[in-house]
Amino acid sequence: MKGIVLAAGRGTRLYPMTKPVCKPLLPVYDKPLIYYPIATLLQAGIRDILVIIPPGEEREFQNLLGDGSELGLHIEFAVQKVARGIADALIIGEDFIGDDSVCLVLGDNIFQCHNLDEIMKEAIKDDHGAKVFGYYVDDPRPFGVVEFDENGQAVSIEEKPKNPKSNYIIPGLYFYDNQVIDIAKNLEPSARGEYEITDVNLEYLSRGQLKVIPFDRGLTWMDAGTADSMLEAAEIVKALQKSGCYVGCLEELAWKEGFVSLDKVHEIGESLKMTNYGQYLLKLK
């Protein structure tokens, strides 16, 4: 399975913070925001990753992530020249995906729970059709809302409904088989001129091939798209790390997945030993 991170947002709601640097490169506590969705992919055991970025940011992303080889990964970059919606990432990534299945994660979404790796790996066991997740929120109106029948099966999805049929929304984490390329390429733009990921999910639903998995209440999902939500995400990450649960450490996750040796992680930690991040890496064993 391939992984795609859609990190092409300029972050206009975060202006003027995003005037000199795009949103995915802004810090959330002690790491760039882009680290957290990449960490989600690593916990699924995915090591081939395409990062879709805004125009003119190639050097900055390359300086941060390189080609991934230091961590046993393969990272490529592609530019989304015009913001055309989430599903556009699947069209941009067509050649990268090839004949494989794909996990798409949004570049400003942070997922954290003690067994996220188990949840992710369970989701990719059967790579037929599509799997997305349901997350309970108090006010689902700004999101794509999923309706379930009495047997817990998804029966409808509505984008930003005025009268939601449930409190479960679909956050920015999607697993698709290879059909998704043709589905995305045959979408019609929505009224706002974008290729909507909800339309992709609805097509799978119409084929009887969409599974919506409700997240356990123990999972934390953060959408760091505004100044308030970014600050809240930083506070949550800080609190988790103070309690001993380090979040979004790519080196640690790559080691746990067997992509890189502990010696290599310690070598990286030694080069960063004047930082809390480096000290954490040196303590891994």
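Tutor: We will take ring pairs, then charges over rings, then a helix pair. This is a predicted model, in which local features need pLDDT of at least 70 and side-chain atom pairs count only at pLDDT 80 or more, while totals for chains, interfaces and linings use all residues. Residues are numbered from 1 along each chain as its sequence is written, and side-chain values use heavy atoms, with hydrogens and water left out.

Student: How many aromatic pairs does the structure hold?

Tutor: Rings of Phe, Tyr and Trp (its six-membered ring) pair if their centres lie within 6.5 Å; planes under 30 degrees apart are stacked, over 60 edge-to-face, and the rest tilted. The structure holds 12 such pairs. Take Phe 61 and Phe 77: their ring centres are 6.4 Å apart and their planes lie at 55°, so this pair is tilted.

Student: Where in the chain are Phe 61 and Phe 77?

Tutor: Helices (H or I, at least four residues) and strands (E, at least two) are DSSP runs, numbered from the N terminus. Phe 61 is in helix α2 (residues 58-65) and Phe 77 in strand β5 (residues 74-79). They are 16 residues apart, and the pair links distant parts of the chain.

Student: Is Phe 61 buried or exposed?

Tutor: Buried means under 20% relative accessible area, exposed over 50%, partly exposed in between (1.4 Å probe, protein chains only). Phe 61 has 0%, so Phe 61 is buried. Phe 77 has 25% and is partly exposed.

Student: Which kind of pair do Phe 143 and Trp 221 form?

Tutor: Their planes are at 70° and their centres 5.8 Å apart, so the pair is edge-to-face. Trp 221 is buried at 12%, whereas Phe 143 is partly exposed at 23%.

Student: Which residues do ring pairs link into a cluster?

Tutor: Phe 111, Phe 133, Phe 175 and Phe 215.

Student: What sits over the ring of Phe 96?

Tutor: A charge sits over a ring if NZ of Lys or CZ of Arg is within 6 Å of the ring centre and within 35 degrees of the ring normal. Over Phe 96 it is the charged end of Lys 2, 4.9 Å from the ring centre. Arg 217 lies over the face of Tyr 136, 4.3 Å from the ring centre.

Student: At what angle do helices α10 and α11 pack?

Tutor: Axes are lines fitted to C-alpha atoms, for helices over the stretch in contact (heavy atoms within 4.5 Å). Angles run from 0 to 180 degrees between N-to-C directions. Helix α10 (residues 262-271) and helix α11 (residues 276-283) pack at about 150°, with axes 8 Å apart.
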